[in-house]
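This briefing is for a reader new to the structure. It covers the ligands first and then a handful of residues.

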Amino acid sequence: MTEADTKFDPKKKYKYLKKVKNLILQCISCGDCREATDYTSVPKKWGVCVAREHSTGFEPFFGRGKMQIARSIWQGKLELSKDLAEVLYQCPTCNACSTTCYYDMDNAAVYEALRAELVDRELGLEDHLIMNRAMVEKLNPYQRDNKEKGEWLKQLDFKVKDASKEKAEVLYFVGCTAGLTPEIKNVAINTAKVLNKLGVDFAVFGENEVCCGSVAMRTGDRKAYDSVVEKNIELFQNSGLKTIVTSCAGCYKTLKKDYRKKMKKLGIEVLHTIEFIDKKNPKLKNLGITATYHDPCHTGRGVDEPLYELPRKLLAQMAEIKEMQTIKENAKCCGAGGGVKKAFPDFSLEIAKSRIEEAEETGAEYLVSICPFCYRNLSDAIKAKGSKLKMVDLLELIIQAL
Ligand code: SF4
Ligand code: SF4
(Lines give C-alpha, C1' and ligand atoms only; values in the text may rest on other atoms or scores of the structure.)
(Ligands and ions follow the chains in the order given, each with its own letter.)
Protein backbone atom coordinates (compact mmCIF):
# COMPACT_ATOMS: atom_id res chain seq x y z
CA MET A 1 0.00 0.00 0.00
CA THR A 2 1.44 3.38 -0.96
CA GLU A 3 1.46 6.45 1.26
CA ALA A 4 -1.25 7.97 -0.94
CA ASP A 5 -3.46 4.92 -0.38
CA THR A 6 -3.24 5.17 3.39
CA LYS A 7 -4.34 8.81 3.20
CA PHE A 8 -7.42 8.03 1.09
CA ASP A 9 -10.54 9.13 2.97
CA PRO A 10 -13.75 8.84 0.89
CA LYS A 11 -15.67 10.98 3.36
CA LYS A 12 -13.41 13.92 2.53
CA LYS A 13 -13.17 13.22 -1.19
CA TYR A 14 -16.83 12.47 -2.03
CA LYS A 15 -19.28 14.75 -0.25
CA TYR A 16 -22.34 13.55 -2.22
CA LEU A 17 -21.53 9.83 -2.03
CA LYS A 18 -20.97 10.31 1.70
CA LYS A 19 -24.69 11.04 2.10
CA VAL A 20 -25.66 7.70 0.50
CA LYS A 21 -22.74 5.60 1.73
CA ASN A 22 -25.03 3.32 3.77
CA LEU A 23 -26.94 2.44 0.60
CA ILE A 24 -23.72 1.82 -1.32
CA LEU A 25 -22.36 -0.50 1.36
CA GLN A 26 -25.71 -2.22 1.89
CA CYS A 27 -25.81 -3.57 -1.68
CA ILE A 28 -24.78 -7.25 -1.64
CA SER A 29 -24.40 -7.47 -5.44
CA CYS A 30 -27.06 -10.16 -5.63
CA GLY A 31 -28.18 -8.99 -9.07
CA ASP A 32 -31.90 -9.18 -8.34
CA CYS A 33 -32.17 -5.76 -9.95
CA ARG A 34 -31.04 -7.30 -13.25
CA GLU A 35 -34.55 -8.41 -13.99
CA ALA A 36 -37.87 -8.13 -12.24
CA THR A 37 -38.49 -10.70 -9.54
CA ASP A 38 -42.25 -10.52 -10.06
CA TYR A 39 -42.56 -12.68 -13.17
CA THR A 40 -46.34 -12.79 -12.97
CA SER A 41 -46.67 -9.13 -13.85
CA VAL A 42 -43.34 -8.71 -15.66
CA PRO A 43 -42.77 -11.82 -17.75
CA LYS A 44 -40.49 -10.30 -20.37
CA LYS A 45 -36.90 -11.48 -20.31
CA TRP A 46 -35.38 -8.05 -19.73
CA GLY A 47 -37.54 -7.24 -16.71
CA VAL A 48 -38.24 -3.64 -15.93
CA CYS A 49 -34.79 -2.05 -16.43
CA VAL A 50 -35.18 -0.07 -19.63
CA ALA A 51 -31.50 0.92 -19.67
CA ARG A 52 -30.47 -2.73 -19.84
CA GLU A 53 -33.14 -3.62 -22.37
CA HIS A 54 -32.18 -0.89 -24.84
CA SER A 55 -28.40 -0.89 -24.43
CA THR A 56 -25.78 -3.61 -24.74
CA GLY A 57 -27.24 -5.06 -21.56
CA PHE A 58 -23.82 -5.15 -19.92
CA GLU A 59 -23.46 -4.91 -16.15
CA PRO A 60 -23.13 -1.10 -15.72
CA PHE A 61 -26.41 -0.53 -17.54
CA PHE A 62 -28.52 -2.04 -14.77
CA GLY A 63 -28.66 -1.50 -11.04
CA ARG A 64 -26.01 -3.88 -9.73
CA GLY A 65 -23.33 -2.56 -12.07
CA LYS A 66 -23.93 1.03 -11.05
CA MET A 67 -23.96 0.04 -7.38
CA GLN A 68 -20.63 -1.77 -7.85
CA ILE A 69 -19.19 1.31 -9.56
CA ALA A 70 -20.34 3.44 -6.62
CA ARG A 71 -18.76 1.01 -4.16
CA SER A 72 -15.48 0.87 -6.07
CA ILE A 73 -15.28 4.66 -6.18
CA TRP A 74 -16.11 4.89 -2.49
CA GLN A 75 -13.38 2.36 -1.69
CA GLY A 76 -10.79 4.14 -3.84
CA LYS A 77 -10.51 1.35 -6.42
CA LEU A 78 -11.94 3.34 -9.32
CA GLU A 79 -11.71 6.97 -10.41
CA LEU A 80 -14.51 9.06 -11.90
CA SER A 81 -14.01 9.76 -15.60
CA LYS A 82 -15.68 10.98 -18.79
CA ASP A 83 -16.04 7.36 -19.98
CA LEU A 84 -17.83 6.47 -16.78
CA ALA A 85 -20.15 9.46 -17.26
CA GLU A 86 -21.21 8.17 -20.69
CA VAL A 87 -22.47 4.98 -19.06
CA LEU A 88 -23.89 6.43 -15.86
CA TYR A 89 -26.04 8.94 -17.75
CA GLN A 90 -27.65 6.29 -19.95
CA CYS A 91 -30.23 5.61 -17.27
CA PRO A 92 -33.46 7.55 -16.80
CA THR A 93 -33.18 7.06 -13.00
CA CYS A 94 -36.61 5.43 -13.09
CA ASN A 95 -35.78 3.50 -9.90
CA ALA A 96 -37.39 0.27 -11.11
CA CYS A 97 -34.24 -1.45 -9.81
CA SER A 98 -35.17 -0.34 -6.29
CA THR A 99 -38.52 -2.13 -6.60
CA THR A 100 -36.84 -5.46 -7.21
CA CYS A 101 -34.20 -4.95 -4.50
CA TYR A 102 -34.84 -6.93 -1.32
CA TYR A 103 -33.39 -4.05 0.71
CA ASP A 104 -35.84 -1.58 -0.82
CA MET A 105 -32.80 0.41 -1.91
CA ASP A 106 -33.18 3.97 -3.20
CA ASN A 107 -30.87 3.25 -6.16
CA ALA A 108 -31.70 6.53 -7.92
CA ALA A 109 -30.36 8.47 -4.91
CA VAL A 110 -26.99 6.70 -5.40
CA TYR A 111 -26.96 7.35 -9.17
CA GLU A 112 -27.78 11.03 -8.58
CA ALA A 113 -24.95 11.27 -6.04
CA LEU A 114 -22.53 9.70 -8.54
CA ARG A 115 -23.61 12.28 -11.12
CA ALA A 116 -23.15 15.11 -8.61
CA GLU A 117 -19.56 13.92 -8.01
CA LEU A 118 -18.99 13.85 -11.79
CA VAL A 119 -20.34 17.37 -12.29
CA ASP A 120 -18.28 18.64 -9.36
CA ARG A 121 -15.16 17.51 -11.24
CA GLU A 122 -16.39 18.91 -14.57
CA LEU A 123 -16.88 15.39 -15.90
CA GLY A 124 -20.60 15.77 -16.62
CA LEU A 125 -22.10 15.79 -20.11
CA GLU A 126 -21.93 18.92 -22.26
CA ASP A 127 -25.65 18.74 -23.15
CA HIS A 128 -26.60 18.83 -19.49
CA LEU A 129 -24.18 21.63 -18.76
CA ILE A 130 -25.87 23.82 -21.40
CA MET A 131 -29.34 22.87 -20.16
CA ASN A 132 -28.54 23.59 -16.50
CA ARG A 133 -26.78 26.84 -17.34
CA ALA A 134 -29.90 27.99 -19.19
CA MET A 135 -31.98 26.99 -16.19
CA VAL A 136 -29.96 29.30 -13.95
CA GLU A 137 -29.66 32.20 -16.40
CA LYS A 138 -33.04 32.08 -18.17
CA LEU A 139 -34.98 30.33 -15.37
CA ASN A 140 -35.94 27.45 -17.67
CA PRO A 141 -33.82 24.61 -19.13
CA TYR A 142 -35.20 25.04 -22.66
CA GLN A 143 -33.05 28.14 -23.34
CA ARG A 144 -36.18 30.19 -24.01
CA ASP A 145 -37.17 33.67 -22.95
CA ASN A 146 -39.08 33.03 -19.71
CA LYS A 147 -41.68 35.61 -20.83
CA GLU A 148 -43.07 32.86 -23.10
CA LYS A 149 -44.18 31.00 -19.97
CA GLY A 150 -47.15 33.35 -19.79
CA GLU A 151 -48.25 32.82 -23.43
CA TRP A 152 -50.66 29.93 -22.76
CA LEU A 153 -52.69 32.15 -20.43
CA LYS A 154 -53.85 34.18 -23.48
CA GLN A 155 -55.83 31.15 -24.67
CA LEU A 156 -58.12 31.18 -21.64
CA ASP A 157 -61.44 33.00 -21.62
CA PHE A 158 -61.10 33.83 -17.91
CA LYS A 159 -58.44 35.67 -15.93
CA VAL A 160 -55.93 33.85 -13.76
CA LYS A 161 -54.38 35.69 -10.80
CA ASP A 162 -50.70 36.64 -10.99
CA ALA A 163 -49.06 35.08 -7.91
CA SER A 164 -46.37 37.80 -7.91
CA LYS A 165 -48.97 40.50 -7.24
CA GLU A 166 -52.22 38.90 -6.05
CA LYS A 167 -52.96 36.63 -3.10
CA ALA A 168 -54.63 33.30 -3.81
CA GLU A 169 -55.43 30.17 -1.84
CA VAL A 170 -53.61 27.91 -4.28
CA LEU A 171 -50.58 28.24 -6.57
CA TYR A 172 -50.67 26.28 -9.80
CA PHE A 173 -46.99 25.51 -10.51
CA VAL A 174 -47.06 24.94 -14.28
CA GLY A 175 -43.49 23.74 -14.90
CA CYS A 176 -41.25 24.44 -17.89
CA THR A 177 -42.42 21.61 -20.18
CA ALA A 178 -46.14 22.46 -20.08
CA GLY A 179 -45.38 26.19 -19.93
CA LEU A 180 -43.04 26.32 -22.90
CA THR A 181 -43.72 23.40 -25.25
CA PRO A 182 -46.41 24.36 -27.82
CA GLU A 183 -47.72 20.78 -28.28
CA ILE A 184 -48.00 20.29 -24.52
CA LYS A 185 -49.36 23.63 -23.34
CA ASN A 186 -52.78 21.90 -23.34
CA VAL A 187 -51.77 20.38 -20.02
CA ALA A 188 -51.50 23.90 -18.56
CA ILE A 189 -54.68 25.13 -20.28
CA ASN A 190 -56.74 22.15 -19.14
CA THR A 191 -55.41 22.32 -15.58
CA ALA A 192 -56.42 25.98 -15.37
CA LYS A 193 -59.83 25.21 -16.88
CA VAL A 194 -60.50 22.40 -14.40
CA LEU A 195 -59.45 24.53 -11.40
CA ASN A 196 -61.61 27.40 -12.68
CA LYS A 197 -64.61 25.13 -13.24
CA LEU A 198 -64.30 23.78 -9.71
CA GLY A 199 -64.31 27.36 -8.38
CA VAL A 200 -60.76 27.24 -6.98
CA ASP A 201 -59.10 30.54 -6.04
CA PHE A 202 -55.73 30.02 -7.73
CA ALA A 203 -52.79 31.94 -9.18
CA VAL A 204 -49.76 31.27 -11.40
CA PHE A 205 -46.36 32.97 -11.60
CA GLY A 206 -46.49 33.03 -15.42
CA GLU A 207 -43.37 34.64 -16.84
CA ASN A 208 -41.92 34.89 -13.33
CA GLU A 209 -42.14 31.15 -12.68
CA VAL A 210 -38.73 29.63 -11.97
CA CYS A 211 -37.86 26.05 -12.95
CA CYS A 212 -38.22 23.71 -9.94
CA GLY A 213 -34.70 22.39 -10.61
CA SER A 214 -35.66 18.78 -11.31
CA VAL A 215 -33.41 18.51 -14.37
CA ALA A 216 -30.40 19.78 -12.43
CA MET A 217 -31.04 17.46 -9.49
CA ARG A 218 -31.41 14.40 -11.73
CA THR A 219 -28.31 15.23 -13.79
CA GLY A 220 -26.14 16.07 -10.77
CA ASP A 221 -25.73 19.83 -11.07
CA ARG A 222 -26.31 20.69 -7.42
CA LYS A 223 -25.08 24.28 -7.73
CA ALA A 224 -27.62 25.00 -10.48
CA TYR A 225 -30.28 23.21 -8.43
CA ASP A 226 -29.51 25.25 -5.28
CA SER A 227 -29.69 28.46 -7.29
CA VAL A 228 -33.29 27.86 -8.49
CA VAL A 229 -34.40 26.45 -5.14
CA GLU A 230 -33.35 29.69 -3.48
CA LYS A 231 -35.30 31.77 -6.03
CA ASN A 232 -38.40 29.58 -5.71
CA ILE A 233 -38.42 29.65 -1.92
CA GLU A 234 -38.24 33.45 -2.01
CA LEU A 235 -41.17 33.59 -4.46
CA PHE A 236 -43.26 31.15 -2.39
CA GLN A 237 -42.49 33.02 0.83
CA ASN A 238 -43.43 36.41 -0.60
CA SER A 239 -46.70 35.16 -2.08
CA GLY A 240 -47.92 33.76 1.26
CA LEU A 241 -49.41 30.67 -0.42
CA LYS A 242 -50.40 27.56 1.51
CA THR A 243 -50.94 24.96 -1.24
CA ILE A 244 -49.06 24.22 -4.46
CA VAL A 245 -50.67 22.07 -7.12
CA THR A 246 -48.80 20.84 -10.15
CA SER A 247 -49.73 18.69 -13.15
CA CYS A 248 -46.11 17.71 -13.81
CA ALA A 249 -44.69 14.53 -12.26
CA GLY A 250 -41.14 15.95 -12.31
CA CYS A 251 -42.14 19.15 -10.49
CA TYR A 252 -44.25 17.03 -8.12
CA LYS A 253 -41.37 14.83 -7.01
CA THR A 254 -38.98 17.75 -6.74
CA LEU A 255 -41.29 20.05 -4.78
CA LYS A 256 -42.70 17.26 -2.63
CA LYS A 257 -39.55 15.26 -1.88
CA ASP A 258 -36.45 17.30 -2.63
CA TYR A 259 -37.90 20.56 -1.19
CA ARG A 260 -39.58 18.70 1.69
CA LYS A 261 -37.78 20.34 4.64
CA LYS A 262 -38.12 23.83 3.17
CA MET A 263 -41.82 23.36 2.39
CA LYS A 264 -42.45 22.08 5.90
CA LYS A 265 -40.83 25.18 7.31
CA LEU A 266 -43.02 27.41 5.12
CA GLY A 267 -46.16 25.37 5.94
CA ILE A 268 -46.82 24.65 2.26
CA GLU A 269 -48.59 21.50 1.11
CA VAL A 270 -47.62 20.08 -2.32
CA LEU A 271 -50.20 18.09 -4.28
CA HIS A 272 -50.49 16.74 -7.77
CA THR A 273 -53.48 18.45 -9.38
CA ILE A 274 -55.37 15.15 -9.49
CA GLU A 275 -55.02 14.78 -5.69
CA PHE A 276 -56.38 18.29 -5.22
CA ILE A 277 -59.26 17.69 -7.63
CA ASP A 278 -60.19 14.37 -6.05
CA LYS A 279 -60.68 16.10 -2.69
CA LYS A 280 -63.45 18.15 -4.36
CA ASN A 281 -65.36 14.95 -5.33
CA PRO A 282 -65.89 15.89 -8.97
CA LYS A 283 -68.72 14.25 -10.88
CA LEU A 284 -67.16 12.85 -14.04
CA LYS A 285 -69.26 11.50 -16.86
CA ASN A 286 -68.38 8.41 -18.84
CA LEU A 287 -66.79 9.43 -22.13
CA GLY A 288 -67.35 6.02 -23.72
CA ILE A 289 -63.67 5.48 -24.56
CA THR A 290 -61.07 2.82 -23.81
CA ALA A 291 -57.80 3.92 -22.22
CA THR A 292 -54.59 2.56 -20.80
CA TYR A 293 -52.67 4.37 -18.07
CA HIS A 294 -48.91 5.01 -17.98
CA ASP A 295 -47.50 5.50 -14.46
CA PRO A 296 -44.87 8.27 -14.47
CA CYS A 297 -41.83 7.26 -12.40
CA HIS A 298 -41.91 10.54 -10.48
CA THR A 299 -45.47 10.04 -9.20
CA GLY A 300 -44.76 6.37 -8.52
CA ARG A 301 -41.43 4.91 -7.47
CA GLY A 302 -39.97 8.40 -7.03
CA VAL A 303 -42.14 9.43 -4.08
CA ASP A 304 -42.90 7.98 -0.65
CA GLU A 305 -46.64 7.72 -1.27
CA PRO A 306 -47.05 6.73 -4.93
CA LEU A 307 -50.07 7.83 -6.92
CA TYR A 308 -51.09 4.50 -8.42
CA GLU A 309 -54.75 4.08 -7.47
CA LEU A 310 -55.95 7.67 -7.63
CA PRO A 311 -55.44 8.34 -11.36
CA ARG A 312 -57.05 4.97 -12.11
CA LYS A 313 -59.99 5.79 -9.85
CA LEU A 314 -60.63 9.02 -11.78
CA LEU A 315 -59.97 7.45 -15.17
CA ALA A 316 -62.32 4.53 -14.46
CA GLN A 317 -65.23 6.98 -14.17
CA MET A 318 -64.55 8.31 -17.67
CA ALA A 319 -63.19 5.32 -19.60
CA GLU A 320 -62.87 1.57 -19.69
CA ILE A 321 -59.32 0.91 -18.47
CA LYS A 322 -57.23 -1.69 -20.29
CA GLU A 323 -54.06 -2.22 -18.29
CA MET A 324 -50.59 -2.73 -19.76
CA GLN A 325 -48.38 -5.66 -18.83
CA THR A 326 -46.14 -3.58 -16.56
CA ILE A 327 -47.97 -1.20 -14.25
CA LYS A 328 -47.63 0.65 -10.95
CA GLU A 329 -44.33 -0.20 -9.17
CA ASN A 330 -43.31 -2.44 -12.08
CA ALA A 331 -44.28 0.03 -14.81
CA LYS A 332 -41.71 0.56 -17.51
CA CYS A 333 -40.32 4.05 -17.75
CA CYS A 334 -41.08 6.26 -20.78
CA GLY A 335 -37.34 6.88 -21.11
CA ALA A 336 -37.38 10.68 -20.94
CA GLY A 337 -36.15 11.33 -17.39
CA GLY A 338 -32.76 11.67 -15.76
CA GLY A 339 -31.45 13.85 -18.60
CA VAL A 340 -31.65 10.92 -21.06
CA LYS A 341 -33.88 12.66 -23.60
CA LYS A 342 -31.50 15.60 -23.69
CA ALA A 343 -28.22 13.71 -24.00
CA PHE A 344 -29.30 10.46 -25.69
CA PRO A 345 -32.46 11.28 -27.70
CA ASP A 346 -32.37 8.12 -29.85
CA PHE A 347 -31.94 5.84 -26.83
CA SER A 348 -34.77 7.72 -25.12
CA LEU A 349 -37.04 7.31 -28.15
CA GLU A 350 -36.33 3.56 -28.37
CA ILE A 351 -37.42 3.15 -24.74
CA ALA A 352 -40.62 5.15 -25.42
CA LYS A 353 -41.33 3.08 -28.54
CA SER A 354 -41.30 -0.13 -26.53
CA ARG A 355 -43.70 1.44 -24.01
CA ILE A 356 -45.98 2.32 -26.93
CA GLU A 357 -45.87 -1.32 -28.09
CA GLU A 358 -46.99 -2.35 -24.62
CA ALA A 359 -49.81 0.20 -24.75
CA GLU A 360 -50.84 -0.97 -28.24
CA GLU A 361 -51.09 -4.58 -27.00
CA THR A 362 -53.96 -3.55 -24.72
CA GLY A 363 -56.08 -2.50 -27.69
CA ALA A 364 -57.00 0.80 -25.95
CA GLU A 365 -57.69 3.93 -28.01
CA TYR A 366 -56.10 6.39 -25.57
CA LEU A 367 -52.80 6.42 -23.70
CA VAL A 368 -53.25 8.52 -20.56
CA SER A 369 -50.71 9.95 -18.14
CA ILE A 370 -50.20 12.77 -15.64
CA CYS A 371 -46.82 14.13 -16.70
CA PRO A 372 -45.97 16.53 -19.56
CA PHE A 373 -42.53 15.01 -19.93
CA CYS A 374 -43.88 11.45 -20.36
CA TYR A 375 -46.50 13.00 -22.68
CA ARG A 376 -43.76 14.48 -24.82
CA ASN A 377 -41.62 11.37 -25.18
CA LEU A 378 -44.55 9.00 -25.64
CA SER A 379 -46.08 11.35 -28.27
CA ASP A 380 -42.75 11.39 -30.10
CA ALA A 381 -42.77 7.58 -30.07
CA ILE A 382 -46.39 7.42 -31.29
CA LYS A 383 -45.36 9.65 -34.20
CA ALA A 384 -42.18 7.70 -34.92
CA LYS A 385 -44.06 4.40 -34.97
CA GLY A 386 -47.07 5.72 -36.87
CA SER A 387 -49.22 4.34 -34.05
CA LYS A 388 -52.98 4.93 -33.90
CA LEU A 389 -52.84 5.49 -30.14
CA LYS A 390 -53.97 8.93 -28.94
CA MET A 391 -51.81 10.44 -26.21
CA VAL A 392 -53.78 12.46 -23.69
CA ASP A 393 -53.25 13.99 -20.27
CA LEU A 394 -55.72 12.95 -17.58
CA LEU A 395 -56.64 16.61 -17.05
CA GLU A 396 -57.73 16.84 -20.69
CA LEU A 397 -60.20 14.02 -20.14
CA ILE A 398 -61.34 15.51 -16.82
CA ILE A 399 -62.29 18.86 -18.39
CA GLN A 400 -64.34 16.99 -21.01
CA ALA A 401 -66.03 14.85 -18.36
CA LEU A 402 -66.83 17.58 -15.84
S1 SF4 B 1 -29.15 -2.95 -5.55
FE2 SF4 B 1 -30.26 -4.51 -4.37
S3 SF4 B 1 -30.99 -5.97 -5.90
FE4 SF4 B 1 -29.36 -4.77 -6.89
S5 SF4 B 1 -27.50 -5.95 -6.56
FE6 SF4 B 1 -27.64 -4.50 -4.86
S7 SF4 B 1 -28.68 -5.60 -3.20
FE8 SF4 B 1 -29.02 -6.78 -5.11
S1 SF4 C 1 -32.98 3.43 -12.62
FE2 SF4 C 1 -34.22 2.32 -14.15
S3 SF4 C 1 -33.04 2.37 -16.03
FE4 SF4 C 1 -31.65 2.95 -14.37
S5 SF4 C 1 -30.65 1.03 -13.74
FE6 SF4 C 1 -32.47 1.27 -12.43
S7 SF4 C 1 -34.12 0.15 -13.48
FE8 SF4 C 1 -32.45 0.48 -14.97
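A residue counts as buried when its relative accessible area is under 20%, as exposed when that area is over 50%, and as partly exposed in between. By that cut-off T362 is buried, because its relative accessibility is 15%. The model shown here is predicted. Two ligand sites come first, followed by selected residues.

**Ligand 2**

- Ligand 2 takes up the space of the second largest cavity.
- Helices α5 (50-53), α6 (63-74) and α8 (96-100) are the elements that each give two or more residues to the shell around ligand 2.
- The shell around ligand 2 holds 15 residues.
- C49, C91, C94, N95 and C97 are the closest of them.
- By class, the shell around ligand 2 splits into 11 nonpolar, 3 polar and 1 charged.

**G65, in helix α6**

- G65 belongs to helix α6.
- Is G65 buried or exposed? G65 is buried, because its relative accessible area of 3% falls under the 20% cut-off.
- Beyond its neighbours within four places in sequence, G65 is in contact with E59 and P60.
- G65 and G31 are 34 residues apart along the chain. Their C-alpha atoms are separated by 8.6 Å.

**K161, in strand β1**

- K161 is part of strand β1, which covers residues 161-162.
- K161 has a relative accessible area of 26%, so it counts as partly exposed.
- Which residues does K161 touch, once those up to four places away in sequence are set aside? They are E166, K167, A168, D201, F202, A203 and V204.
- The side chains of K161 and D201 are joined by a polar contact of 2.8 Å. The K161 side chain also reaches the backbone oxygen of K167, at 2.9 Å.
- K161 and F205 lie 44 residues apart in sequence, yet 8.5 Å apart in space, C-alpha to C-alpha.

**K332, in a loop**

- K332 is placed in the loop between β7 (319-321) and α19 (340-343).
- K332 has a relative accessibility of 3%, so it counts as buried.
- Which side chain is joined to that of K332 by a polar contact of 2.6 Å? The partner is E53.

**T362, in a loop**

- T362 sits in the loop between α20 (345-361) and β8 (366-369).
- The T362 side chain reaches the backbone nitrogen of A364 at 3.1 Å.
- Leaving out residues up to four places away in sequence, T362 touches T292, K322, E323 and M324.

**K388, in a loop**

- K388 is found in the loop between α21 (372-385) and β9 (390-393).
- Is K388 buried or exposed? K388 is exposed, because its relative accessible area of 79% is over 50%.
- K388 and I277 are 111 residues apart in sequence. In space they are 30 Å apart, C-alpha to C-alpha.

**Positive phi angles**

- L139 is not a glycine, yet it has a positive phi of about 75 degrees.
- L139 lies in the loop between α10 (126-138) and β1.
- N281 is not a glycine either, and has a positive phi of about 45 degrees.
- N281 lies in the loop between α17 (273-278) and β6 (289-293).
- N281 counts as exposed, because its relative accessible area is 57%.

Definitions and conventions. Residues numbered from 1 in each chain as written. Chains lettered and ligands numbered in written order. Predicted model: local features only at pLDDT ≥ 70, side-chain atom pairs only at ≥ 80, totals over all residues. Heavy atoms only, no water. Near = heavy atom within 4 Å. 1 Å grid on protein atoms, 1.4 Å probe; cavity = no way out; pocket = protein on both sides within 12 Å on 5 of 7 lines; lining within 4 Å. Sits in = over half its atoms within 2 Å of the grid points. Helix = DSSP H or I, 4+ residues; strand = E, 2+ residues; numbered from the N terminus. Nonpolar A, V, L, I, M, F, W, Y, C, P; charged D, E, K, R; others polar. Buried < 20%, exposed > 50% of the residue type's maximum accessible area, 1.4 Å probe, protein only. Contact = heavy atoms within 4.5 Å. Polar contact = N/O pair within 3.5 Å; in protein donor to acceptor, adjacent residues only side chain to side chain.
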